[in-house]
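Here is a friendly note to read beside the model. Please keep the viewer open and find each residue as you go.

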Amino acid sequence: MKKKFFAVLALGAVMLTALVGCGTCKEDGCDEEVYKDGYCEVHYTLHAAGEALEDLADQLD
């Protein structure tokens, strides 16, 4: 019984990883593959740069 439980648990973990790891960019109109944090490589870079600029602006205030 324990073997079946752990087998189902492991299968669920693999399926969850596959669902989270695959997909398209969360930016509207972008169909590129997800790179990091739900964004494709280009949109992730833009998002990270925007956050860095916001942080810099906050430090200057």
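Where is K36 found? K36 sits in the loop between α1 and α2.

1. **Before you start.** This is a predicted model, in which local features need pLDDT of at least 70 and side-chain atom pairs count only at pLDDT 80 or more, while totals for chains, interfaces and linings use all residues. Residues are numbered from 1 along each chain as its sequence is written, and side-chain values use heavy atoms, with hydrogens and water left out.

2. **The overall picture.** The protein chain has two helices and zero strands (helices, H or I, of at least four residues and strands, E, of at least two are DSSP runs, numbered from the N terminus). Of its 61 residues, 8% count as buried (buried means under 20% relative accessible area, exposed over 50%, and partly exposed in between, with a 1.4 Å probe and protein chains only). The chain exposes about 5,500 Å², and carbon and sulfur atoms supply 62% of that area (accessible areas come from the Shrake-Rupley method with a 1.4 Å probe; for residues, only the protein chains shown count as cover).

3. **The loop.** Back to K36: its relative accessible area is 42%, so K36 is partly exposed. K36 and C25 are eleven residues apart in sequence, and their C-alpha atoms are 9.1 Å apart in space. D37 also lies in the loop between α1 (2-21) and α2, and D37 counts as exposed because its relative accessibility is 55%. Look at its backbone too: phi of D37 is near 55 degrees, a positive value in a residue other than glycine. Most residues other than glycine have a negative phi. Not counting residues up to four places away in sequence, D37 touches K26 and Y44 (contact means heavy atoms within 4.5 Å).

4. **The core.** Which residues make up the largest nonpolar core? Five do: C25, C30, Y39, C40 and Y44 (a nonpolar core is a set of buried Ala, Val, Leu, Ile, Met, Phe, Trp, Tyr and Cys residues joined through side-chain atoms within 4.5 Å). In soluble globular proteins, nonpolar side chains tend to be buried together. Leaving aside neighbours within four places in sequence, C40 is in contact with C25, C30, E32, E33 and Y35.

5. **A pair of rings.** The structure holds one aromatic pair (rings of Phe, Tyr and Trp, the last by its six-membered ring, pair if their centres lie within 6.5 Å; planes under 30 degrees apart count as stacked, over 60 as edge-to-face and the rest as tilted). The ring centres of Y35 and Y44 are 5.7 Å apart and the planes are at 65 degrees, so this pair is edge-to-face. Y35 counts as partly exposed because its relative accessibility is 47%.

6. **Helix α2.** H43 lies in helix α2, and H43 is partly exposed, with a relative accessible area of 21%. Leaving aside neighbours within four places in sequence, H43 is in contact with C25, E27 and C30. H43 and E32 are eleven residues apart in sequence and 9.6 Å apart in space, C-alpha to C-alpha. L56 has its place in helix α2 (residues 41-60) as well, and at 44% relative accessibility L56 counts as partly exposed.
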